[in-house]
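Q: Please take a close look at the pockets of this protein and at the sheet that contributes to them. I would like one connected account.

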Amino acid sequence: MTDTRYWAVIPAAGVGKRMRADRPKQYLSLHGKTVLEHSIARFDSHPAIAGIVVAVSEDDGYWPDLAIRTRKPLHVAPGGKERSDSVINALAVLARHATEDDWVLVHDAARPCLRPSDIDRLIERLSADAVGGILATPVRDTMKRQDDAGRIQRTEEREGLWHALTPQMFPLGALRAALQRAAEEGAVITDEASALEYVGQSPLLVEGRGDNIKITRPEDLALAEFFLRQEAAEPNQEQA
Ligand code: C5P
């Protein structure tokens, strides 16, 4: 147990078109630093995490300007065409420092409000699990399936439906193998769990906090700012 290590992998090579901003969303300013710096700090300040790998685009002119300093080892990997390609590249870099049985927590750069308690919960629930799993929240709204004309075809059963969040936590070897096979076979992979599903595994759903939002649309930045202010105002909160 004592020699189990946990690593963070942060894909940060997206463009974020839906933000309609002058720069990729991970470089937008939020509560005193960039979105990406918040996401990195969440893991840098967590005692269970051994080190961090960030995937950044090779023509990314913002990353060098950040000049990030961390307490933990911070490695950089080249970004890829899709999110899953960026994660594959980051895992290849991580494999030089970690073993196949080490755990990897893959976290979107665009989720800066992740709480330490959610990292704790994920590790507690999954450390003894044979597969791994993800943070998720149950769907609250009534879900509609659309037809070709953009009208409602039917209402989907909401019971048992979840929003997949990050971090998503899996053993390094199993995650790499699943992502590699899915890529070779041309499967569409939008998160790490779907790669494990593709190879026949059933990752565990671990209920996380609803304020772990992904910054996607312009209004999300104000919401994230609100959540970070709230956290900072809480008594005994751990400052990332
Ligand atoms: O675009 P979306 O919000 O789904 O991206 C999720 C995360 O994946 C973001 O942190 C983004 O920077 C990252 N990403 C990446 N490489 C890509 C596309 C997205 O690292 N090619």
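A: Ala, Val, Leu, Ile, Met, Phe, Trp, Tyr, Cys and Pro are counted here as nonpolar, Asp, Glu, Lys and Arg as charged, and the others, including Gly, as polar. On that basis the lining of the largest pocket divides into nine nonpolar, nine polar and ten charged residues. The model is a predicted one.

The volume of the largest pocket comes to about 750 Å³. It is lined by 28 residues, and those closest to its centre are Gly-14, Lys-25, Arg-83, Asp-108 and Lys-214. The contribution of β10 is the most, at four residues.

The second largest pocket has a volume of about 530 Å³. Its lining consists of 17 residues, with Thr-137, His-163, Leu-165, Gly-210 and Ile-213 nearest the centre. Here the elements that supply two or more residues are β7, β10 and α7 (218–233). Again β10 gives the most to the lining, this time with three residues. By class, the lining of the second largest pocket holds five nonpolar, five polar and seven charged residues.

Strand β10 therefore deserves a look in its own setting, since it gives the most to the lining of the largest pocket and also to that of the second largest pocket, where strands are DSSP runs of E of at least two residues. β10 belongs to an open sheet of seven strands with mixed pairing, ordered β5-β4-β1-β6-β10-β7-β11. The edges of the sheet are β5 (74–78) and β11 (204–207); each has a single partner strand, so one side of each lacks a neighbour in the sheet. On average, neighbouring strands are turned by 30 degrees against each other, direction ignored.

In that order β10 stands between β6 and β7. The pairing of β6 (residues 103–106) with β10 (residues 162–171) is antiparallel and runs over four bridges. Within this pair, Leu-105 is opposite Met-169 of β10.

Two helices also meet this part of the sheet. Helix α4 (residues 116–126) packs on the sheet and touches β1 (6–11), β6, β7 (133–138), β10 and β11, with its direction at about 145 degrees to that of β11. Helix α5 (residues 172–184) lies across β6 and β10, and runs at about 115 degrees to β10.

Terms used: Residues numbered from 1 in each chain as written. Predicted model: local features only at pLDDT ≥ 70, side-chain atom pairs only at ≥ 80, totals over all residues. Heavy atoms only, no water. Pairing = 2+ DSSP bridges. Axes fitted to C-alpha atoms, helices over the stretch in contact; angles between N-to-C directions. Contact = heavy atoms within 4.5 Å. 1 Å grid on protein atoms, 1.4 Å probe; cavity = no way out; pocket = protein on both sides within 12 Å on 5 of 7 lines; lining within 4 Å. Points joined across faces, edges and corners; volume = space filled by probe spheres on them.
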